[in-house]
Amino acid sequence: MLLLDKLAESISRSPSKAHIIKLLERKKFLTITEISKELKLHKSTVLRHVELLERNSLIQKEKAEIDRRMTLLSLTERGKKIAKMLKL
């Protein structure tokens, strides 16, 4: 649990990453474009944050069933634990 505490503390120092996690906690599945519009961030900024969060096993990507060209992002179980720890 100490590792999760440190990770949550690190993410809370990056408001954009923390907001992405909390947004995915509320909405469950979103695209990078949807996150970008919701948080009013450039898509390249969101993409950088998403890549880092994915490397830390906090979010996962999957293809949408309706349109296989679309990639949906969601929280992993670890990401859900971190989301509950973040105070925004």
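**Reading a predicted model, step by step**

Biologist: Does Lys40 count as buried or exposed?

Modeller: Lys40 counts as exposed, because its relative accessibility is 75%. Buried means under 20% relative accessible area, exposed means over 50%, and partly exposed lies in between (1.4 Å probe, protein chains only). This is a predicted model, in which local features need pLDDT of at least 70 and side-chain atom pairs count only at pLDDT 80 or more, while totals for chains, interfaces and linings use all residues. Residues are numbered from 1 along each chain as its sequence is written, and side-chain values use heavy atoms, with hydrogens and water left out.

Biologist: Where is Lys40 found?

Modeller: Look in the loop between helix 3 and helix 4 (43–55). Helices (H or I, at least four residues) and strands (E, at least two) are DSSP runs, numbered from the N terminus. The phi of Lys40 is near 55°, a positive value in a residue other than glycine. Lys28 also has a positive phi, near 75°, and sits in the loop between helix 2 and helix 3 (32–39).

Biologist: How many residues does helix 2 have, and how far does it reach?

Modeller: The expected span of a helix is 1.5 Å times one less than its number of residues. Helix 2 (residues 15–27) has 13 residues and reaches 18 Å from first to last C-alpha, close to the expected 18 Å. Its buried residues include Ile20, Ile21 and Leu24.

Biologist: Which residues touch the most other members of the largest nonpolar core?

Modeller: Here is the general idea: in soluble globular proteins, nonpolar side chains tend to be buried together. A nonpolar core is a set of buried Ala, Val, Leu, Ile, Met, Phe, Trp, Tyr and Cys residues joined through side-chain atoms within 4.5 Å. In this core of 22 residues, Ile11, Ile21, Leu24, Ile35 and Ile82 touch the most other members. Helix 2 gives the most to this core, with five residues. Leaving aside residues up to four places away in sequence, Ile35 touches several residues, among them Ile20, Leu30 and Leu73; contact means heavy atoms within 4.5 Å.

Biologist: Which residue forms a salt bridge with Lys22?

Modeller: Side chains of opposite charge can pair when their charged atoms come close. A salt bridge is a side-chain nitrogen of Lys or Arg within 4 Å of a carboxyl oxygen of Asp or Glu, and by this rule the count comes to four. Lys22 pairs with Glu25, the closest N and O atoms being 2.9 Å apart. Both lie in helix 2, three residues apart, about one turn of the helix. Lys22 counts as buried because its relative accessibility is 18%, whereas Glu25 is partly exposed at 23%.
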